[in-house]
Each structure stands twice: as C-alpha cells, then as structure tokens.
Amino acid sequence: SNVKTQVFYEHPRKIVNKVNSPDIGADFSMNPYQGCEHGCVYCYARNTHEYWGFSAGLDFERKIIAKPNAAILLEKQFQNKNWKPSPIMLSGNTDCYQPLEKKLEITRQMLEVLLRYRNPVGIITKNQLILRDMDLLSELAKLRLVHVMVSINSLKEDLRLSMEPRTATAQNRLKVIEQLSKNSIPVGIMTAPIIPGLNSDEIPELIKAASNFGARTAGFTIVRLNGSVKDIFHDWLYKNHPDA
C-alpha cells in the first residue's frame, strides 16, 4: 500500500518496565518503538496502540512512536544506586529492529549503554537489521551478556507474506541465526505465534531448520487474540484462509 508511515516522537520519563506477566521469562523490558511497520496480523502489541489514541489496525503499522531519548534514560536507570544488574528484554512489545531503526539507531545506542554498564540483555527480532550491530553483540557475547531469539513461525513463503507482510523471509531469518551463531552469539528460534491449523504442523521442521543453522534454543507462544487483535485476526483469517 502507498500509505506513508508517520513517525511521532515521545519523551517518556523512563524506559525500563517491570514485567509482571508470568509467561514471559524476563523481569524487565524496554521498547524503543511503539507500533511496528512489520504489520504482523496477529501481533498482541496492537492493543497497546489504542492507549495513544491510535487504532490497533492500520495505525499500528503506519503511525510509529519512537523514543529518541531511550539510551539516555537507560543510562539514568543504571546510575540509580538501587539498580541491581538484571537481564532486560529488548523489546518484548514491538520489534526493536523494525525498519525505522535503520535511520534512528535508537536500539544501537541502547546496546552501547548496555555494554558500557555490563548489563545483560535478551533480544527478540525478526529483522536482518540486527546484523548491523554485530560489533556490539560480539562484545556483549564475550562477556556472556547477550542472548538473541529470532522469531520464525513458518517456512511457507506464501503464509509469511499474507501474515507478516513487511518482514524478512524465513530463509533470510535462518541466515541471521547462522551469522549470529558463527560470531559466537548465543541464538535461538522463537516459533511464535503457533496458530492451530495454519502453522502448528511446522514446529518440528522449524526447530530442525533453526538447529541446522546454529540455533541453540527454541521457544514458542500460542497466538493470543486479546482485545482488538481478535477482530483484526478473524477478518484476515476469513479473507485469506476461509477453510482454516
């Protein structure tokens, strides 16, 4: 579509959030961006966009909120005498390596701060852009401070195209796993989300492929259709996979 992406800048007071969800294995998360151009139809983060007065549908993909002062806020957090070094998830909500990062480099600045303060970080992404920061990731890996999960939920290109329109192909994501692995950066595959009847049969194949490319760990989540996501997903499902 020709709808141009709009970028809004927000200057929050803090960037590190305490995670209270029992099914997420991290205590803290930070999100340099809200909204995501990848436009994955099932994304549970779509609902958070309504908090900003935007829709969970197209606005989520086309009105991106960036936090340019994220690295400064992160440094402030680390300087707080009450801060105990603890793994932080980057990003947990929307992809920290989405297309806009190429220009803004907020995620890169945050990695620089993490390295300087020797604080552990977990990264989840489905974008090849992560390879740009191999220098910082390698340094973090030497100190055993980083773990990356690459999200792949199907090897079927037609399914990816309809479900995650603006993302790297599965083959390219497997290459990301391979590159990270070759550079001694601990990497795993996140087979997420699993959608019964659409990609649930692919799990063994996905994990085997990722393992062949150097992944050491695998995780999964089942699709979560909470709030507005349910209607968006159902609408997409009936249009694209009426027999599912």
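# Notebook: a look around the fold

Entry 1: I started with E105, which counts as partly exposed because its relative accessibility is 34%. The cut-offs I use are under 20% relative accessible area for buried, over 50% for exposed and partly exposed in between, with a 1.4 Å probe and protein chains only. The model is predicted, so local features need pLDDT of at least 70 and side-chain atom pairs count only at pLDDT 80 or more, while totals for chains, interfaces and linings use all residues. Residues are numbered from 1 along each chain as its sequence is written, and side-chain values use heavy atoms, with hydrogens and water left out.

I then looked up where E105 sits: in the loop between α3 and α4. Helices (H or I, at least four residues) and strands (E, at least two) are DSSP runs, numbered from the N terminus. E105 is not a glycine, yet its phi is positive, about 55°.

Entry 2: I found R144 in the loop between α5 and β8. Is R144 buried or exposed? With a relative accessible area of 78%, R144 is exposed.

**Entry 3: helix α2.** I turned to α2, residues 70–79, and listed its buried residues: A70, A71, L73, L74 and F78. Why do they sit on the same side of α2? They do so because they cover an arc of only 160° around the axis; the arc is that of the directions from the helix axis to the C-beta atoms. On the other side of α2 I found I72, K76 and Q79 exposed. The cover over the buried residues of α2 includes β2 (16–18), β3 (28–30), β6 (88–90) and α4 (106–116).

N69 counts as buried because its relative accessibility is 15%. Setting aside neighbours within four places in sequence, I noted E10, H11 and P12 in contact with N69; contact means heavy atoms within 4.5 Å.

**Entry 4: the cores.** Next I looked for nonpolar cores, which are sets of buried Ala, Val, Leu, Ile, Met, Phe, Trp, Tyr and Cys residues joined through side-chain atoms within 4.5 Å. The largest has 51 residues, and L74, L111 and I123 touch the most other members. Which element gives the most to this core? That is α4, with 6 residues. Apart from this core lies another, of 15 residues, with A45, M163, L198 and L237 among them.

I also followed I123 on its own. Not counting residues up to four places away in sequence, I123 touches partners including M89, L90, Y97, L111, L137 and V148.

**Entry 5: helix α9.** Helix α9 (residues 228–240) has 13 residues and reaches 19 Å from its first C-alpha to its last, close to the 18 Å expected at 1.5 Å a residue. The expected span is 1.5 Å times one less than the number of residues. V229, F233, W236 and L237 are buried in α9. Their arc is only 100° around the axis, which puts them on the same side of α9. The face turned away from that buried side carries D231, Y238 and K239, which are exposed. Part of what covers the buried residues of α9 is α6 (157–163).

**Entry 6: strand β8 and its partners.** In β8 (residues 146–151), 5 of the 6 residues are buried, so this strand is largely enclosed by the rest of the structure. β7 (residues 121–125) runs parallel to β8, and 5 bridges join them. Two strands pair if DSSP finds at least two bridges between them. Across this pairing, V121 stands opposite V146. On β8 and β9 (residues 187–194) I counted 4 bridges, again in a parallel pairing. There V150 stands opposite I189.

I traced the path from β7 through helix α5 (residues 134–142) to β8, and the three make a right-handed β-α-β unit. Right-handed here means that, with the strands pointing away from the viewer, the path from the first strand over the helix to the second runs clockwise.

**Entry 7: cis bonds.** Where are the cis peptide bonds I looked up? One runs from L90 to S91, with omega near 20°, and S91 has its place in the loop between β6 and α3 (101–104). Another joins A192 and P193, with omega about -10°; P193 is found in strand β9.
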